[in-house]
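Colleague: I would like to learn how to read a model like this one. Please take me through it feature by feature.

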Amino acid sequence: MPGGSHPQNVFTVDLEEWFHVCGVGGPLAPDQWDGLPSRVESTTRRVLDLLDAAGIRATFFIVGWVAERHPRLVDEVRSAGHEIGSHGYAHQRVFDLGSDGFLRDLRASVSALKQAGVPDVRLFRAPEWSINRRSLWALDVLAGEGFSVDASMAPLRLVGDESYPRFPHMRRAGAGRILEVPPLVADRFGHVMPMGWGWGLRMSSPRRVVRAIAAENRLGRPAVLTLHPWEIDPDPPRARLPPGLHFAHYFRLGGFLGRLREVLRSGVGFGPVGQVTAIGEVL
Ligand SMILES: [Zn+2]
C-alpha cells in the first residue's frame, strides 16, 4: 500500500448505471432502464483497475437492479477482495419510498445480491444520501433487517443536515443500534461543502482533498470518499440527461480521473467501511 500506512480512511463506490438518477421520468424512468445502453461493466472494471493499482480495498454499495443483470460483475468485485453493501434495489430515494416501500426495496436488493453470490449483506447506502430528517425511520428498518452499518446521512444542508456528526457514530435504531458512517465534508467560503464525493471531489484540487483528509485524521476521524463508476466513463452517453441534471451529473468530469489518481496515490491509507469503529456517544 502506498505510504505503508494503516488504512484509516474509507473508500466507497456506489455501483450503479449512468441512468440511475433519482426522481426523473421520461426516457430515464425506471421502466425504460432495460432499453438504455449499459455502461456499468466497463466503467466498474476501470474502477477495479484503479483501486488495484493503488492497492486499495474498498466497499461497493451495489444497486440490486444491477446485481440482478450483472451477477458476474458482482463476483469480480468480490474476487478482487472488496466488501459488498446494498445501494437499494431500484435506486429510489428512501423518503420517496416510505417505510413499507423501503422495506420491500431493501429486501429485493438483498435478494438480488444473494442471488449474485454475496453471502451476507449488512452495509447500506441510500441513493442520493436520502436518509435524513424525512426518513430517520429507515434506520429502524435497517437494524430490523440485520444491517449493522449505514453510510447515508450527509452532514450537508442540500441532502442532509449540517448538524449531523462528521464522524462515524452509533445511532439508536428501533430495538438495536446502527453504525452511521458519513461522507467527508469541509468548511469552505463559510459553507459546508462535499469534499470526498460528488462536486467536491470534482472541483477540488488533489492537494486540497488530501489536506481535508489529513485534517480529519488529525482529529482522530476517518475520511470517507465515494466514487461512481459513471464518473470515470471515458465515453459517457451525455445527450440523454435533461439540462439541469446533465450539469449535476457531468459537472467538471474532464480530468477527474487524473485528479482522483493523485489522491489515491498520495500515501493516504484507505480501506472498506467494515473496518470503521464508532467515535463518541450513541445518538
Ligand atoms: Zn446512487
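Modeller: Start with burial: buried means under 20% relative accessible area, exposed over 50%, partly exposed in between (1.4 Å probe, protein chains only). Ala67 has a relative accessible area of 1%, so Ala67 is buried. This is a predicted model: local features need pLDDT of at least 70, side-chain atom pairs count only at pLDDT 80 or more, and totals for chains, interfaces and linings use all residues. Residues are numbered from 1 along each chain as its sequence is written, and side-chain values use heavy atoms, with hydrogens and water left out.

Colleague: Which residues is Ala67 in contact with, neighbours within four places in sequence aside?

Modeller: Contact means heavy atoms within 4.5 Å. On that basis Ala67 touches Ile62, Val74, Ala112, Leu113 and Ala116.

Colleague: Which residues coordinate the zinc ion?

Modeller: Donors are N, O and S atoms within 2.8 Å of the metal (3.2 Å for Na, K and Ca); water is not among the atoms, so sites may look incomplete. Here Glu16 (OE), His87 (NE2) and His91 (NE2) coordinate the zinc ion at 2.0 to 2.1 Å. Their spacing in sequence is E-x70-H-x3-H. His87 counts as buried because its relative accessibility is 1%; His91, at 3%, is buried too.

Colleague: Which side chain of opposite charge is nearest to Arg171?

Modeller: A salt bridge needs a side-chain nitrogen of Lys or Arg within 4 Å of a carboxyl oxygen of Asp or Glu. Lys and Arg count as positive and Asp and Glu as negative; His and the chain ends are not counted. For Arg171 the nearest is Glu180, 5.6 Å away, and the buried Arg171 has no salt bridge.
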